[in-house]
2 protein chains.
Amino acid sequence: MKRFLFLILFACATLSTAAQQRIVSPQINPDGSITFRLQAPKAVRVTLTGDFLPADGSEAAPVEMVEKDGVWEYTTVPLKGEMYCYAFVVDGIRMLDPSNIHVTRDTNTCFSVIILSRDKDDPGYYYDIQDVPHGTVSKVWYESPTLGIVRRMTVYTPYGYEKAGNKTKYPVFYLLHGAGNDENAWEELGKAPQILDNLIAEGKAKPMIVVITNGNPAQEASPFVQSQQHPKAPGAAPASMADSFSDIMNYVEKNYRVLKGAANTAIAGLSMGGGHTFQITANHPGKFGYIAPFSAALGVPAAPGAQPQQGRRLSLAEGLAANPAYAEKVKAVFAAKPRLYYLAIGKDDFLYQTTVQYRAWLDANGLPYEYHESTGGHNWRNWRLYLTDYAQRLFK
Amino acid sequence: MKRFLFLILFACATLSTAAQQRIVSPQINPDGSITFRLQAPKAVRVTLTGDFLPADGSEAAPVEMVEKDGVWEYTTVPLKGEMYCYAFVVDGIRMLDPSNIHVTRDTNTCFSVIILSRDKDDPGYYYDIQDVPHGTVSKVWYESPTLGIVRRMTVYTPYGYEKAGNKTKYPVFYLLHGAGNDENAWEELGKAPQILDNLIAEGKAKPMIVVITNGNPAQEASPFVQSQQHPKAPGAAPASMADSFSDIMNYVEKNYRVLKGAANTAIAGLSMGGGHTFQITANHPGKFGYIAPFSAALGVPAAPGAQPQQGRRLSLAEGLAANPAYAEKVKAVFAAKPRLYYLAIGKDDFLYQTTVQYRAWLDANGLPYEYHESTGGHNWRNWRLYLTDYAQRLFK
């Protein structure tokens with residue numbers, strides 16, 4: 001039987017790869033460098049772009065690949081254990097690596113992916129599947145009465161959740177994405193399930209439920225999981241994400257075995273999700289014991305009756321000054337004494353000045369927080385690092 | 001805030017798509033045809049390959065695309081509502097459509113995907129997300145004592161499962177994939193969650209739990225969800241899929257609210273999974289009330305002490321003749337009077353003769369079954385159709 005099945009497998013594989021010769025790409029070398037290869041005998045110029053190249057932006061300047069016998073090749077310097085995204089550019093056309101089935105999507109762009117995870121001291125170790133107990137990852141649809149639609153979220157329940165008795169409850173961590181992303185992003189790009197699995201297995205993080213929401217209030221779910229009958233344009237939502245967030249918390253508290261109280265409730269969000277974190281916590285002072293805006297797009301809603309701003313948006317500092325009632329709401333978050341208020345941003349982040357202004361305001365008002373400044377910019381490499389660090393601080 | 005977030009979104013999108021001009025591809029036209037486009041000003045020849053082209057194999061012969069102002073284009077004839085997979089071939093290099101973020105994987109190859117789903121009479125309607133209640137799809141890890149590893153499966157629980165009380169139980173349907181696939185295949189290529197959501201919403205199928213297993217006994221999970229510490233070679237498993245299947249059923253019956261008994265238990269599998277269905281049901285006569293080998297790779301294990309076959313594998317007919325004890329096990333499946341034994345295969349399937357032999361043996365022994373012969377070959381288009389039909393027959 002086995003041999004027969006092998007033949008079928010072989011037949012299928014042959015059918016689908018047609019005449020394309022099998023080459024190995026990417027190949028991890030003993031020194032930790034990676035060799036990328038593409039078979040393209042007719043190409044004139046092939047370059048490689050990827051976030052392992054020296055640049056802290058989302059996509060570095062491409063490097064030239066060198067051709068030999070129709071196969072183009074590039075070998076990196078030895079790399080730190082990380083999750084890397086890359087693509088080839090063949091005579092001006094960006095394409096994924098046909099030899100690599102590991103593909104991920106960031107907003108409107110797909111990337112080929114490789115995780116370098118052999119060295120336990122490197123962050124990449126935590127982003128990969130290791131031989132440890134694994135939590136369950138579920139795609140769950142919940143009703144949002146505030147938004148009037150049924151919406152999808154990703155829920156991570158830690159290993160043992162199903163088997164544990166009805167009396168075993170878990171703390172809950174709400175994890176929010178940035179603009180353009182959706183409820184898949186922290187799973188696929190942020191590697192949250194792997195980070196939690198690996199930290200929990202080592203006793204570095206507490207077993208917890210992680211709720212990864214969709215932060216686009218007009219959206220039911222990520223693209224192509226969106227129903228065709230709800231082609232609502234962005235902006236058409238009747239309420240903001242912050243104002244509809246109770247729907248999510250109500251669903252989670254009703255359908256999962258959740259420990260309540262601020263000591264058992266955490267939130268973090270990146271970029272737009274950092275702004276949501278800022279606004280959701282202001283709407284629910286005392287609800288969250290752990291609060292972390294990562295690389296946050298912080299904005300203060302205009303005061304009721306305020307003159308509409310012509311031509312430019314208020315800075316965070318101006319916004320807080322222009323809306324004293326909202327500033328009081330933010331102060332109330334701190335008055336409830338969260339156990340940890342964790343601000344993180346990269347030195348090269350285009351939102352850096354917003355965090356500078358927020359820190360100045362917090363300092364001026366004597367509101368305590370932890371500040372984590374990393375290298376690099378507004379990218380998933382930083383957000384995975386922030387999550388890995390923050391998750392170890394929760395519920396302790 | 002909204003405008004500010006839009007600016008961030010725009011900045012991110014610009015970063016990640018670099019200088020690539022935005023073109024629309026694929027574009028569904030009013031007549032149901034699809035236009036595919038690729039910007040490739042330097043390319044000499046661009047072809048398009050896809051399962052909408054006239055061929056019933058996995059990948060049809062490519063068609064020429066025509067260039068104008070650097071954009072290559074091809075428009076199909078009006079197409080039936082279906083899920084279609086395609087790729088471009090640019091000067092000999094196969095690539096995905098960079099304008100389409102919907103990507104799926106079959107074994108070792110990725111495809112761009114489009115689902116044509118506007119016409120409710122076409123199968124494509126059932127493969128797409130519609131505005132109906134949705135079940136939860138979970139990636140669950142279970143312990144397999146027989147195989148000695150922890151393994152991943154996909155579990156669909158129907159809408160309402162979480163909210164229903166502890167006394168509400170559901171029938172269970174085990175759904176098995178083919179060689180080279182894994183626990184993602186029936187979700188991503190087979191669209192089982194959408195088919196079930198849509199059929200249940202219309203009252204055409206009963207709410208049920210669907211358990212989508214990984215049929216490769218040496219594998220923990222699909223590639224790149226496999227832990228690095230378990231690089232077990234295929235074939236290294238201590239037991240076959242059929243012999244380890246009780247581990248899965250035990251886990252499901254312990255952790256889900258499952259109605260027991262043959263009237264509430266179904267199984268189906270495609271290709272290798274059809275062979276597994278044949279063997280699993282032979283191991284558990286009376287367990288399954290609904291049994292469906294789709295395009296099945298049917299094989300009879302060699303009788304204990306049998307001479308090893310030199311050079312060629314026994315046909316199904318020869319296998320049944322050579323191992324009368326196993327033939328009796330298969331007869332016992334029918335003696336338990338399953339409510340439905342559903343055989344389906346395409347006229348052009350390379351396994352067609354195996355099903356012919358099986359039917360001849362069933363007929364000769366007076367064992368009742370339903371036979372569904374479709375057009376086409378060994379491909380997901382057929383398997384989605386078979387699932388859509390079979391799911392409506394279950395638990396009634």
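**Figure 1. Helix 4 and helix 10 of chain A in contact.** In this predicted model, Ala192(A), Ile195(A), Leu196(A) and Leu199(A) of helix 4 of chain A meet Arg384(A), Leu387(A), Thr388(A) and Ala391(A) of helix 10 of chain A. Sorted by class, the residues of this contact are 6 nonpolar, 1 polar and 1 charged. Helix 4 of chain A covers residues 192–201 and helix 10 of chain A covers residues 380–391, and the two pack at an angle of about 35° with 10 Å between their axes. The crossing in which helix 4 of chain A passes helix 10 of chain A is right-handed.

**Figure 2. Helix 5 and helix 6 of chain A in contact.** Helix 5 of chain A, made of residues 241–255, packs on helix 6 of chain A, made of residues 272–283, at an angle of about 65°, and their axes are 9 Å apart. Since angles of 65 to 115 degrees count as roughly perpendicular, helix 5 of chain A and helix 6 of chain A are therefore described as roughly perpendicular to each other. As it passes helix 6 of chain A, helix 5 of chain A makes a right-handed crossing. On the side of helix 5 of chain A, the contact is made by Met241(A), Ala242(A) and Phe245(A), while helix 6 of chain A brings His276(A), Gln279(A), Ile280(A) and Asn283(A). The residues of this contact divide into 4 nonpolar and 3 polar, with no charged residue.

**Figure 3. The two domains of chain A and the side on which they touch.** Chain A is divided into domain 1, which spans 20–124, and domain 2, which is made of 129–301 together with 313–391. The centres of domain 1 of chain A and domain 2 of chain A, taken over C-alpha atoms, are separated by 31 Å. Where the domains touch, 11 residues of domain 1 of chain A are in contact with 14 residues of domain 2 of chain A. On the side of domain 1 of chain A that touches domain 2 of chain A, strand 9 of chain A, residues 103–106, gives the most, with 3 residues. By class, the residues on that side of domain 1 of chain A are 2 nonpolar, 4 polar and 5 charged.

**Figure 4. An open sheet of 4 strands in chain A.** The 4 strands of this open sheet in chain A follow the order 1-2-6-5, and their pairing is antiparallel. Strand 1 (27–28) and strand 5 (66–68) of chain A stand at the edges, and because each has a single partner strand, one side of each is left without a neighbour in the sheet.

**Figure 5. An open sheet of 4 strands in chain B.** In chain B, an open sheet of 4 strands has the order 1-2-6-5 with antiparallel pairing. Its edge strands are strand 1 and strand 5 (66–68) of chain B, each of which pairs on one side only. Strand 2 (residues 34–39) and strand 6 (residues 71–75) of chain B are paired in the antiparallel sense over 5 bridges. Leu38(B) has Trp72(B) of strand 6 of chain B as its bridge partner, and Thr35(B) stands opposite Thr75(B) in strand 6 of chain B.

**Figure 6. The hairpin of strand 1 and strand 2 of chain B.** Strand 1 and strand 2 of chain B pair in the antiparallel sense over 2 bridges, and the bridge partner of Ile28(B) in strand 2 of chain B is Ile34(B). The hairpin has 5 residues between the strands, and in it Gly32(B) takes a positive phi near 90°.

**Figure 7. Backbone details in the loops.** Most residues other than glycine have a negative phi, and most peptide bonds are trans. In chain A, the peptide bond from Ser25(A) to Pro26(A) is cis, with omega near -10°, and Pro26(A) is found in the loop between helix 1 (2–17) and strand 1 of chain A. In chain B, Ser25(B) and Pro26(B) are joined by a cis peptide bond with omega about -10°, and Pro26(B) is found in the loop between helix 1 (2–17) and strand 1 (27–28) of chain B. Ser295(A), a residue other than glycine, has a positive phi near 45°, and it lies in the loop between strand 16 (290–294) and helix 7 (316–322) of chain A.

Methods: Residues numbered from 1 in each chain as written. Chains lettered and ligands numbered in written order. Predicted model: local features only at pLDDT ≥ 70, side-chain atom pairs only at ≥ 80, totals over all residues. Domains from an automatic or database assignment. Contact = placed C-beta atoms within 7 Å. Nonpolar A, V, L, I, M, F, W, Y, C, P; charged D, E, K, R; others polar. Pairing = 2+ DSSP bridges. Axes fitted to C-alpha atoms, helices over the stretch in contact; angles between N-to-C directions. Parallel < 35°, antiparallel > 145°, perpendicular 65-115°, else oblique. Left-handed = near helix turned anticlockwise from the far one by under 90°.
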